[in-house]
4 protein chains.
Amino acid sequence: MGSTLRVGMVGYAFMGTAHSQAWRTVNRVFDLPLRAEMTAVCGTDRAGVAAAAHRLGWAGHCTDWRELVARDDIDVIDICTPGDSHAEIAIAALEAGKHVLCEKPLANTLAEAEAMVEAAARAHPGGVRAMCGFNYRRVPAIALMRDLAAAGRLGTVRHVRAAYLQDWITDPGYPLVWRLRRDRAGSGALGDLGAHVVDLAQHVTGQRITGVSAVTETFVKERPLTWGSTRRGRVTVDDAALVVGRLDGGALASFEASRFATGRKNSLRIEINGDRGSLSFDLERLNELAYYDADRPAAEQGFTTILVTEPHHPYLSAWWPPGHALGYEHTFTHQLRDLIDAIGTGADPQPSFAEALTVQLVLDAAERSVANGAGWTQVQPPLPSLL
Amino acid sequence: MGSTLRVGMVGYAFMGTAHSQAWRTVNRVFDLPLRAEMTAVCGTDRAGVAAAAHRLGWAGHCTDWRELVARDDIDVIDICTPGDSHAEIAIAALEAGKHVLCEKPLANTLAEAEAMVEAAARAHPGGVRAMCGFNYRRVPAIALMRDLAAAGRLGTVRHVRAAYLQDWITDPGYPLVWRLRRDRAGSGALGDLGAHVVDLAQHVTGQRITGVSAVTETFVKERPLTWGSTRRGRVTVDDAALVVGRLDGGALASFEASRFATGRKNSLRIEINGDRGSLSFDLERLNELAYYDADRPAAEQGFTTILVTEPHHPYLSAWWPPGHALGYEHTFTHQLRDLIDAIGTGADPQPSFAEALTVQLVLDAAERSVANGAGWTQVQPPLPSLL
Amino acid sequence: MGSTLRVGMVGYAFMGTAHSQAWRTVNRVFDLPLRAEMTAVCGTDRAGVAAAAHRLGWAGHCTDWRELVARDDIDVIDICTPGDSHAEIAIAALEAGKHVLCEKPLANTLAEAEAMVEAAARAHPGGVRAMCGFNYRRVPAIALMRDLAAAGRLGTVRHVRAAYLQDWITDPGYPLVWRLRRDRAGSGALGDLGAHVVDLAQHVTGQRITGVSAVTETFVKERPLTWGSTRRGRVTVDDAALVVGRLDGGALASFEASRFATGRKNSLRIEINGDRGSLSFDLERLNELAYYDADRPAAEQGFTTILVTEPHHPYLSAWWPPGHALGYEHTFTHQLRDLIDAIGTGADPQPSFAEALTVQLVLDAAERSVANGAGWTQVQPPLPSLL
Amino acid sequence: MGSTLRVGMVGYAFMGTAHSQAWRTVNRVFDLPLRAEMTAVCGTDRAGVAAAAHRLGWAGHCTDWRELVARDDIDVIDICTPGDSHAEIAIAALEAGKHVLCEKPLANTLAEAEAMVEAAARAHPGGVRAMCGFNYRRVPAIALMRDLAAAGRLGTVRHVRAAYLQDWITDPGYPLVWRLRRDRAGSGALGDLGAHVVDLAQHVTGQRITGVSAVTETFVKERPLTWGSTRRGRVTVDDAALVVGRLDGGALASFEASRFATGRKNSLRIEINGDRGSLSFDLERLNELAYYDADRPAAEQGFTTILVTEPHHPYLSAWWPPGHALGYEHTFTHQLRDLIDAIGTGADPQPSFAEALTVQLVLDAAERSVANGAGWTQVQPPLPSLL
């Protein structure tokens with residue numbers, strides 16, 4: 001663990017806080033080729049970023065991300081800002097020879113995402129690595145899901161049934177935060193939540209979504225600018241989205257994303273049915289994976305609730321004894337474990353920007369379908385130069 | 001209980017067996033204005049129907065339903081045949097002045113369904129009653145769901161999320177039974193399973209589906225004519241269907257029907273999210289209803305699993321003490337309870353043929369959407385004369 | 001099905017109603033060597049028993065069980081009365097050459113129970129059969145539990161953890177019904193509920209309980225004679241009991257019975273842990289059995305929720321398709337299926353009176369332990385003459 | 001946050017690792033009057049403790065805890081060693097004016113525990129604080145459980161039903177680790193696991209256990225010294241314990257502790273039934289609390305699964321948005337939050353040594369009951385001088 005990996009992080013809100021906890025923890029738990037150093041954090045508000053640096057444990061801080069990118073003593077840029085700034089920061093960082101970890105979604109527009117993929121491709125030969133932060137791939141139960149699917153335990157996949165359900169804006173008095181404005185967030189539930197389930201569907205099955213039909217709705221069309229304010233603004237993103245799709249292996253898929261699913265707080269659910277078995281997961285019980293093995297004796301078949309806390313489960317040998325639950329934040333620690341390991345060994349961290357782009361392409365097709373009365377819409381293949 | 005209701009049943013397979021159990025039981029459990037008599041059962045196979053009559057407890061039997069319809073000593077015709085014969089039998093029975101209970105789906109074609117509605121309308125002034133057998137409305141938990149929704153406990157409905165998942169034909173060796181042939185069954189998972197969830201969505205919310213986008217798939221396109229046979233035939237119905245819709249109250253809805261959901265045996269699920277609460281049900285745990293009441297104190301909110309076996313729950317006061325579970329067959333007994341009560345008191349049993357037609361209209365729109373590349377398709381309103 | 005089995009039932013309250021439903025149904029569902037005829041029902045209240053006979057479907061009725069026992073046209077006496085009359089009726093019936101089905105607990109006192117076992121032993125050579133109605137053995141999930149245990153799937157049993165939890169008398173205003181009076185009921189939660197879990201523990205493991213330590217409590221010591229009455233009487237049975245025991249195979253066991261477990265309506269739970277696996281059941285979800293198979297691959301272990309509704313599950317091939325739930329009353333139908341089959345084939349129905357006596361002996365040891373400050377108390381072996 | 005709290009930790013195995021993660025995290029998440037500094041860690045193995053200090057983030061390290069206690073630059077001693085050294089270290093630390101956090105169980109013998117309570121009482125006037133580490137009190141769901149109980153929402157408590165079930169030594173080849181030796185561990189499942197549930201039962205209800213009856217068993221009496229070794233030693237502690245008790249408010253309680261509950265990995269369960277409601281918790285789903293409110297409308301009663309991740313739940317406002325799960329390690333962070341807050345404000349952290357002693361007294365009574373054939377045994381009151 002002689003070498004260090006010096007980190008500069010941009011943004012210190014929800015995602016920045018979660019990433020900080022992960023940077024602080026990852027080398028305490030995992031044996032890795034590099035030791036992370038929390039070098040500096042960047043944010044536009046001078047007092048805010050100083051307080052955040054102190055609280056979250058960053059050695060330095062600044063207010064201009066360009067400064068961070070320009071520093072010699074920083075090896076990786078961790079982008080935790082809203083999607084409208086991802087492309088600019090990531091491309092600059094890659095061009096400056098920094099590794100990049102960029103929060104999902106990759107970008108707010110397809111053009112930006114493609115530019116990011118191109119920048120990553122240009123930087124790759126120089127040993128620079130780029131990764132998109134689809135942290136839920138690192139839930140141990142999801143990793144086990146992929147392992148079982150990759151081992152053929154599902155057989156031919158027939159159905160993917162995925163949803164990401166929250167309820168935090170059901171109250172019409174909830175204010176018009178940046179996530180509800182298209183200029184900042186790019187999209188609403190579709191891009192914020194739908195991106196996760198689209199990524200997981202492709203990741204777990206190892207297949208691509210080829211076409212979609214989609215419908216979206218904005219239930220509450222205007223909101224106060226702040227809690228209780230009489231000044232109101234227009235909600236310019238979707239509150240909920242329903243997407244039907246097909247995978248290139250022949251399966252049907254359904255995706256739902258909603259911020260109006262009363263009582264569902266953070267329910268990212270994905271179920272996959274194949275002719276040899278099924279797998280089912282809900283993020284509200286993130287330590288559990290339900291597995292139906294159709295090869296078992298007939299009278300003993302059923303969904304097995306695997307408590308994914310055993311040393312032989314993904315990521316678990318570094319943690320606590322069996323049955324001792326992990327939480328949400330561990331997904332970020334695992335993400336960094338994989339990133340540091342990839343950087344240290346010269347491997348390519350996953351998902352790459354190119355892979356994250358495939359999610360954007362699905363979301364883009366969904367938006368085109370919405371504009372076309374839910375008509376079936378082919379997902380555009382990535383540019384050949386990006387493959 | 002002086003008067004009797006003399007019953008003639010057509011068909012004695014799965015549905016006929018379930019109905020027989022209900023006719024035999026209903027007056028033993030409920031206090032009703034009429035006492036059912038199991039007068040005769042009809043089926044095309046002479047030996048088969050004789051054995052069924054003996055086994056299931058029917059006093060007589062015959063092989064021609066016209067004979068049944070013509071008998072003076074029969075008050076109600078209970079139609080348990082495949083959908084292709086529903087219209088002919090039902091219309092003849094109604095014209096003969098018999099009450100009719102007809103299994104769902106109402107008919108295999110829209111034209112037949114409309115003719116049945118017209119026949120029911122013509123017979124109604126003469127005191128003749130017609131009911132379609134959407135038995136799941138009579139699961140006590142579903143009845144409670146409707147009661148809570150009707151009392152306004154959901155507030156404004158935002159989402160309906162419904163699926164009916166089975167897995168009995170995932171094996172490609174499963175033979176080409178009548179349910180897999182369009183000429184007999186009319187449709188596949190969409191009509192058989194989807195009809196139930198479409199009916200429940202409208203029944204529980206009290207709203208109508210106004211438009212849909214739909215996709216279907218036949219995963220296994222050919223099957224042996226019987227188990228192990230080398231003679232094969234073409235599957236002419238869908239194996240699975242995904243439907244996205246909108247309700248007239250503004251909610252988004254998703255419907256899924258599949259016979260390829262490995263591990264899901266009889267999982268009819270419906271969840272409704274409103275801005276004041278949510279309700280969620282799964283037929284595989286049919287004695288339970290999950291209710292999220294957003295009006296409760298913040299720290300105590302969550303989904304309450306109501307064990308729907310208390311005397312103050314629908315239908316339950318006639319059964320066992322609290323906590324003593326009911327099963328699938330009780331839905332048919334409750335259906336007859338409501339039918340007999342309606343006939344005995346002169347009320348209109350629900351769902352009427354006209355209401356069942358609204359389900360057919362949604363399925364019809366779904367099939368038109370499928371033919372049109374999942375494009376958004378308005379659900380046709382019922383003919384004004386039928387309202 | 002040429003021969004008939006003519007039934008006379010004593011008692012027509014809760015148990016009598018449940019038994020009637022089963023007698024009416026059993027030959028409609030199962031192929032059996034004898035056809036049950038509901039010949040007559042007996043009860044002390046003349047109007048009540050007449051109404052019950054009409055409602056429940058018994059051909060005749062009387063007010064003196066001796067009359068029933070004396071009739072030539074009755075083959076089996078079904079005893080559904082409180083425990084204080086079991087011995088007298090059962091012994092008279094056996095001596096009159098009638099088969100006997102007697103509700104649990106076998107008797108209110110050990111002496112009565114032993115006399116019943118002796119009477120059954122005397123009658124047996126003449127082809128007369130006696131069975132005690134521990135209906136929960138016939139929950140398909142419990143039958144599957146026993147099958148798996150008998151097949152060695154648990155390995156060496158280490159723990160039995162059983163409880164029967166209800167809450168119907170938590171309200172101190174609930175009146176002093178017969179179940180709360182020692183002279184009628186013999187015992188409280190211990191005998192009414194505890195008897196079931198003691199029987200299941202022995203039945204599923206195939207082992208005997210050898211010693212116990214027990215504590216009981218009567219939380220509400222006086223109650224109104226009827227709802228709202230100012231006249232009050234003393235509760236002379238236990239409200240709850242906790243029993244710790246050992247099985248002859250070396251396992252530890254815990255049993256709990258309570259009528260004060262608020263929110264638990266009919267929660268009979270039993271879990272068995274062995275060194276090769278575990279089984280867990282809860283009557284509030286009676287169609288499910290949880291099975292942990294420690295022989296599975298390490299990363300795939302977990303409790304499998306088996307939906308016990310498949311044709312290859314016990315009793316199920318006669319019922320509905322997979323996933324179509326059964327209910328409480330089916331346990332009685334299955335009990336009659338096994339009784340009729342045993343009588344028809346000359347086999348011994350289970351549990352015999354002798355086996356039911358072993359439950360009484362455990363309850364007796366528990367009561368002696370309570371009287372002895374929870375001190376360890378050996379369960380008395382059955383009289384050698386009764387083995 | 002000007003002042004610091006300089007920490008010396010003794011022991012760096014499982015508990016030491018968990019405590020380190022908490023010390024590293026607590027000030028990053030919570031606003032507290034003191035900032036913890038991880039000054040030094042102590043362990044007997046020189047190389048081991050040096051590596052642990054580096055990995056876990058302790059500034060210094062040593063091999064003699066007396067050295068740690070003697071240092072001027074340490075404010076609090078955190079004891080993470082096996083129980084046989086708790087008393088000596090804790091008493092020395094308290095006498096040296098250090099605050100003490102001591103892992104549970106407080107000590108291996110009652111005499112040691114009492115000496116520790118006395119030492120804490122002597123040190124208290126000087127502003128020195130002592131706390132025992134019953135970390136599960138700080139599961140947010142458990143804290144909410146106590147809040148609801150303390151608010152009277154349970155009414156009169158009738159039942160406590162608690163168990164701590166694990167399965168890590170079901171394999172007879174599992175070696176004779178220190179936890180299986182009485183000289184190191186003091187007791188087996190009873191003291192290790194039973195201590196937790198006894199503490200929670202008293203903590204949540206606010207009542208004391210007054211008497212018990214207990215049974216223990218050692219299923220595997222000899223084990224290899226290490227995995228695969230032919231050298232074997234005698235297991236000198238219990239593998240499982242069953243304890244029945246009474247609370248001073250009149251409730252019955254049952255406690256089970258086992259390391260042979262196959263399939264139960266870390267299942268600490270506690271359910272409390274009162275006449276106004278019930279609460280139920282399982283550590284394997286630690287973000288959930290089930291609450292039955294008997295005051296709700298009759299048709300809507302049931303167990304509500306509260307996802308304890310809302311900002312208005314205990315400890316949660318400092319963490320992630322609703323629905324984002326916490327894990328096992330967070331209990332230690334919360335424990336430190338409360339400890340630091342108490343030290344910083346001069347309050348008394350809970351549970352005090354005196355309160356932890358009450359758990360020891362219950363375990364002592366259980367052991368005396370075991371020795372006395374499960375006979376009822378009064379729990380000895382704490383010495384008056386210690387109250």
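Which residue in strand 16 of chain D is the bridge partner of B:Phe303? The legends below refer to a predicted model.

**View 1. Strand pairing between chain B and chain D.** D:Thr305 is the bridge partner of B:Phe303, and lies in strand 16 of chain D. The two copies of strand 16, residues 303-307 in chain B and its counterpart in chain D, run antiparallel and pair over 3 bridges.

**View 2. Extent of the contact between chain D and chain B.** Each chain is represented in the contact, with 18 residues from chain D and 18 residues from chain B. About 1300 Å² is buried between these chains, and carbon and sulfur atoms account for 47% of that area. On the chain D side, the residues that lose the most area to chain B are D:Arg296, D:Ala299 and D:Glu300, which together make up 38% of what that side buries.

**View 3. Polar and charged pairs between chain D and chain B.** On the side of chain D that touches chain B, two or more residues each come from helix 6 (140-150), strand 15 (288-293) and strand 16 (303-307). Strand 16 of chain D gives the most, with 5 residues. By class, this side of chain D has 8 nonpolar, 6 polar and 4 charged residues.

View 4. An unreviewed UniProt entry lists residues 5-124 of chain A as "domain: Gfo/Idh/MocA-like oxidoreductase N-terminal". Over these residues the chain is 48% helix and 22% strand, and the end C-alpha atoms are 18 Å apart.

How values were computed: Residues are numbered from 1 along each chain as its sequence is written. Chains are lettered from A and ligands numbered from 1 in the order in which they are written. This is a predicted model: local features need pLDDT of at least 70, side-chain atom pairs count only at pLDDT 80 or more; totals for chains, interfaces and linings use all residues. Side-chain values use heavy atoms; hydrogens and water are left out. UniProt positions are given in the numbering used here, feature names are shortened, and annotations may be inferred rather than shown by experiment. Helices (H or I, at least four residues) and strands (E, at least two) are DSSP runs, numbered from the N terminus. Contact means heavy atoms within 4.5 Å. Buried area is the accessible area (1.4 Å probe) that two parts lose on being put together, summed over both. Ala, Val, Leu, Ile, Met, Phe, Trp, Tyr, Cys and Pro count as nonpolar, Asp, Glu, Lys and Arg as charged, and the others, Gly among them, as polar. Two strands pair if DSSP finds at least two bridges between them.
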